[in-house]
Amino acid sequence: MSKSMRGKFYHSIDSKGRLIVPSKLRDALGSEFVMTPGLEDHSIYLYSIEEWDNFTEQLNQLGSSKAQNRDLKRFFQANAVDCSIDSQGRTVIPAELREDAEIEKDVVVIGNGRKAEIWSAAAWKEKEGDPKATRREIRKMLEDSDIDFYG
């Protein structure tokens with residue numbers, strides 16, 4: 001089982017498209033990992049090789065008789081990029097993924113359980129919205145899901 005990723009980190013992309021991967025996330029991702037477009041606008045997802053293999057195994061179990069299944073497999077496999085971390089803790093975000101996520105310079109990298117996410121700083125600020133309202137919404141979602149966060 002892979003390590004859970006958590007935390008929020010503010011970074012910048014350099015002129016060569018490189019990002020310093022936060023050290024707390026590097027441990028969970030490993031020296032080689034998979035980068036793919038996020039399913040939410042303005043985001044990129046990072047998976048450890050183990051998590052990516054688990055995900056693609058689920059895709060492979062879908063079979064290929066339905067067009068929808070073939071399209072899902074194509075989307076994820078065609079857009080996945082094998083990445084590595086250099087000796088300075090950086091990885092290159094391919095231009096195509098940066099453009100798709102509308103990432104230019106400032107980013108927020110978050111740990112989200114089994115994956116990490118990269119967001120443009122502007123998109124993340126918009127997504128977070130009003131922190132007090134967001135907390136009320138989260139509290140309501142937890143209550144509706146019967147998840148006891150209060151312990």
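Colleague: What pattern does the protein follow, read along the sequence?

Modeller: The order is β-β-α-β-β-α-α-β-β-α-β-β-α-α. Keep in mind that this is a predicted model.

Colleague: How many helices and strands is that?

Modeller: The secondary structure comes to six helices and eight strands.

Colleague: And what does the C-alpha trace span along its principal axes?

Modeller: About 45 × 40 × 30 Å.

Colleague: What share of the residues is buried?

Modeller: Buried residues account for 35% of the 151 in the protein. The accessible surface is about 9,900 Å², and carbon and sulfur atoms hold 48% of that.

Colleague: Contacts next. Of those between residues at least 6 apart in sequence, what share joins residues at least 24 apart?

Modeller: That share is 60%.

Colleague: Now charges. How many positive and negative side chains are there?

Modeller: There are 23 positive and 27 negative ones. The centres of the two sets lie 3 Å apart.

Colleague: Which residues gather in a patch of negative charge on the surface?

Modeller: Asp41, Glu96, Glu99, Asp100, Glu102 and Glu104 make up that patch.

Colleague: Take Glu99. Where does it lie?

Modeller: Glu99 is in helix 4, which covers residues 95–100.

Colleague: Why does Glu99 count as exposed?

Modeller: Because its relative accessibility is 61%, and exposed means over 50%.

How values were computed. Residues numbered from 1 in each chain as written. Predicted model: local features only at pLDDT ≥ 70, side-chain atom pairs only at ≥ 80, totals over all residues. Heavy atoms only, no water. Patch = residues over 30% accessible without salt bridge, like charges linked within 9 Å, V, L, I, M, F, W, Y side chains within 5 Å. Areas by Shrake-Rupley, 256 points an atom, 1.4 Å probe, with all protein chains shown as cover. Salt bridge = Lys/Arg side-chain N within 4 Å of Asp/Glu carboxyl O. Lys, Arg positive; Asp, Glu negative; His and termini not counted. Charge placed at Lys NZ, Arg CZ, Asp CG, Glu CD. Helix = DSSP H or I, 4+ residues; strand = E, 2+ residues; numbered from the N terminus. Buried < 20%, exposed > 50% of the residue type's maximum accessible area, 1.4 Å probe, protein only. Contact = heavy atoms within 4.5 Å.
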